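Hi,

Here is the structure I said I would pass on. Have a look at it first, and then read my notes below.

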Amino acid sequence: MKLLKFIIGLSLGLLLILVTFSQFQSSPLESLKTLTVQLDGRKKPLDTVARETLTQIHGKETYTTENGEKLDYLETYFSLMFNNRDWNQESFILVNYRPLKEAVGLDSEQKYFTFQELVTSGLRELVLQAEAKD
């Protein structure tokens, strides 16, 4: 009888330990995903804002740095927000419309460009021409 009580107690103790450890989140950013932010007059979860922003700029939900580090959309979004890397030199911005690349003098075979490349290309002049026609 004592052995049975011991086994039941040990089982319950192990169950409590496992349940307690399962409460821990896998990432410190996990709790921020449900944080509500306002963007363009709408309230959205930060998770959605980060995912949409990265997809609009980079075309994917993940970003692999030049040294091979893979960042998910939330890590990349926070990195952009806090500017903890030199984003001017990262080939990050997706430009996949070939006529635009040719018109502003960018390499038509290249897919991603740095902010610096876009600033020094003919993109500014093209935007100014488009605004003047408006």
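For the element names I use, helices (H or I, at least four residues) and strands (E, at least two) are DSSP runs, numbered from the N terminus. Please keep in mind that this is a predicted model, so to speak of local features I need pLDDT of at least 70, and side-chain atom pairs count only at pLDDT 80 or more, while totals for chains, interfaces and linings use all residues. Numbering runs from 1 along each chain as its sequence is written, and side-chain values use heavy atoms, with hydrogens and water left out.

Loops to begin with. Asn 83 is found in the loop between α3 and β5 (93–94), and its phi is near 50°, a positive value in a residue other than glycine. With a relative accessible area of 53%, Asn 83 is exposed (exposed means over 50%, buried under 20%, partly exposed in between, with a 1.4 Å probe and protein chains only). Asp 40 also has a positive phi, about 55°, although it is not a glycine. That residue is in the loop between β1 (36–39) and β2 (42–45) and is exposed, at 75% relative accessible area.

Now the rings. Phe, Tyr and Trp (its six-membered ring) pair if the ring centres lie within 6.5 Å; planes under 30 degrees apart are stacked, over 60 edge-to-face, and the rest tilted. That rule gives five aromatic pairs. One of them is Tyr 77 with Phe 78, edge-to-face at 6.2 Å centre to centre and 65° between the planes. Phe 78 also pairs with Phe 82, this time stacked, at 5.9 Å and 10°. Phe 78 and Phe 82 both lie in helix α3 (residues 73–82), four residues apart, about one turn of the helix. Which of these is buried and which exposed? Phe 78 counts as buried because its relative accessibility is 13%, whereas Phe 82 is exposed at 58%. Elsewhere, Tyr 63, Trp 87 and Phe 92 form one aromatic cluster.

Arg 51 lies over the face of Tyr 73, 4.2 Å from the ring centre, and the charged end of Arg 85 is over the ring of Trp 87, 5.6 Å from its centre.

On packing, I take a nonpolar core as a set of buried Ala, Val, Leu, Ile, Met, Phe, Trp, Tyr and Cys residues joined through side-chain atoms within 4.5 Å. The largest has 12 residues, among them Leu 46, Leu 54, Tyr 63, Tyr 77 and Trp 87. Helices α2 (46–58) and α3 each supply at least two residues of this core. A second, separate core of five residues includes Val 95, Val 104, Leu 106 and Phe 113.

The residue I would point you to is Lys 101, in helix α4 (residues 98–104). What is the nearest side chain of opposite charge to Lys 101? It is Asp 107, 7.4 Å away, and Lys 101 is buried yet has no salt bridge (a side-chain nitrogen of Lys or Arg within 4 Å of a carboxyl oxygen of Asp or Glu; Lys and Arg count as positive, Asp and Glu as negative, with His and the chain ends not counted). Not counting residues up to four places away in sequence, Lys 101 touches Val 95, Leu 106 and Phe 113, among others (contact means heavy atoms within 4.5 Å).

Cheers

Methods:
A charge sits over a ring if NZ of Lys or CZ of Arg is within 6 Å of the ring centre and within 35 degrees of the ring normal.
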